[in-house]
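Here are some notes to read with the structure open beside you.

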Amino acid sequence: MKWSLLELNKYKDKPCEFSETLDLKASLMKRDNLILDVSPVKATGILAVGKEEYLLHYKIDVIVTVPSSRSLTPVPLTLAINVDEVFMTPEQYQQRDERLADEEIILLEKPTIDLDESVEDNILLSIPIQVLSEEEQVSQDMPKGNDWEVLSEEDYVQKRQEEAQQTMDPRLAKLSELFSETSDEDDKQ
């Protein structure tokens, strides 16, 4: 769904309300090859036209299926995202006042506001880096196979320390015995 800026001039007194169901599966899967499936996207909100800016406020409800970051099994993520965006034309941006100085402002390159593009961007930004299935969240078991296994960082450090202790040079073993004997004698005195 797109709005032209000329069309939006009729909404200066009253915000433009919308409730749309968008089919963005193909474009989202094209933009991020890790996405396995996307349900129809429900976007509900308002577009308010101000003297100096265009304010877009809406809520996204969607289910995005992505692979687990641990086992690659498909995991459906239910996302409910609230979005607030401020759009300005380059002319409006040049004349903006101080109250919008801290706001993140999206400059319009074309005389249109594209809801589909905004929704896609916000869905992609909301997908977490670590995605685990329900079983993986409950269990501490990590996947493993023939000659490989996934380790947590703590397990890796512990394993390295154990290996370092087991692979002590035999020449140094006698030296460590000498140190332990001297420390025992120091304790007796």
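**Notes on the model**

1. Let's begin with Leu72, which is exposed, with a relative accessible area of 64%; exposed means over 50% relative accessible area, buried under 20% and partly exposed in between, with a 1.4 Å probe and protein chains only. Leu72 sits in the loop between β5 and β6, where strands (E, at least two residues) and helices (H or I, at least four) are DSSP runs numbered from the N terminus. The phi of Leu72 is near 70 degrees, a positive value in a residue other than glycine. Most residues other than glycine have a negative phi.

2. A word on the ground rules: this is a predicted model, in which local features need pLDDT of at least 70 and side-chain atom pairs count only at pLDDT 80 or more, while totals for chains, interfaces and linings use all residues. Residues are numbered from 1 along each chain as its sequence is written, and side-chain values use heavy atoms, with hydrogens and water left out.

3. Asp147 also has a positive phi, near 65 degrees. Its place is the loop between β9 (144-145) and β10 (148-149), and Asp147 is exposed at 84% relative accessibility.

4. Is Ser68 buried or exposed? Ser68 is buried, with a relative accessible area of 1%, although it lies in the loop between β5 (54-67) and β6 (74-88). A polar atom of the Ser68 side chain is 3.1 Å from the backbone nitrogen of Arg70. Not counting residues up to four places away in sequence, Ser68 touches Thr73, Val75, Val131, Leu132, Ser133 and Glu136 (contact means heavy atoms within 4.5 Å).

5. Both Ser68 and Leu72 line the second largest pocket, together with Asp32, Leu34, Val66, Pro67, Ser69, Ile127, Pro128, Ile129 and Val131. A pocket here is an open set of points on a 1 Å grid over the protein atoms alone, where a 1.4 Å probe fits, with protein on both sides within 12 Å along at least five of seven lines; lining residues have an atom within 4 Å of a point. The volume of this second pocket is about 170 Å³, a volume being the space filled by probe spheres set on points joined across faces, edges and corners. Its lining has eight nonpolar, two polar and one charged residues; Ala, Val, Leu, Ile, Met, Phe, Trp, Tyr, Cys and Pro count as nonpolar, Asp, Glu, Lys and Arg as charged, and the others, Gly among them, as polar.

6. The largest pocket has a volume of about 320 Å³. Of its 14 lining residues, Phe87, Ile106, Leu108, Asp114 and Glu117 are the closest to the centre. Two or more lining residues come from each of β6, β7 (105-107), β8 (112-114) and α4. By class, the lining has five nonpolar, two polar and seven charged residues.

7. Which residues have the most contacts inside the largest nonpolar core? They are Val119 and Ile123, in a core of 34 residues; such a core is a set of buried Ala, Val, Leu, Ile, Met, Phe, Trp, Tyr and Cys residues joined through side-chain atoms within 4.5 Å. At least two core residues each come from α1 (5-8), β2 (16-22), β4 (41-49), β5, β6 and α4 (115-126), and β5 gives the most, with seven. Leaving aside neighbours within four places in sequence, Ile123 is in contact with Leu28, Val41, Ile60, Val62, Val64, Leu79 and Ile81.

Technical notes: A polar contact is a pair of N or O atoms within 3.5 Å; within protein, one must be able to donate a hydrogen and the other to accept it, and residues adjacent in sequence count only if both atoms are side-chain atoms.
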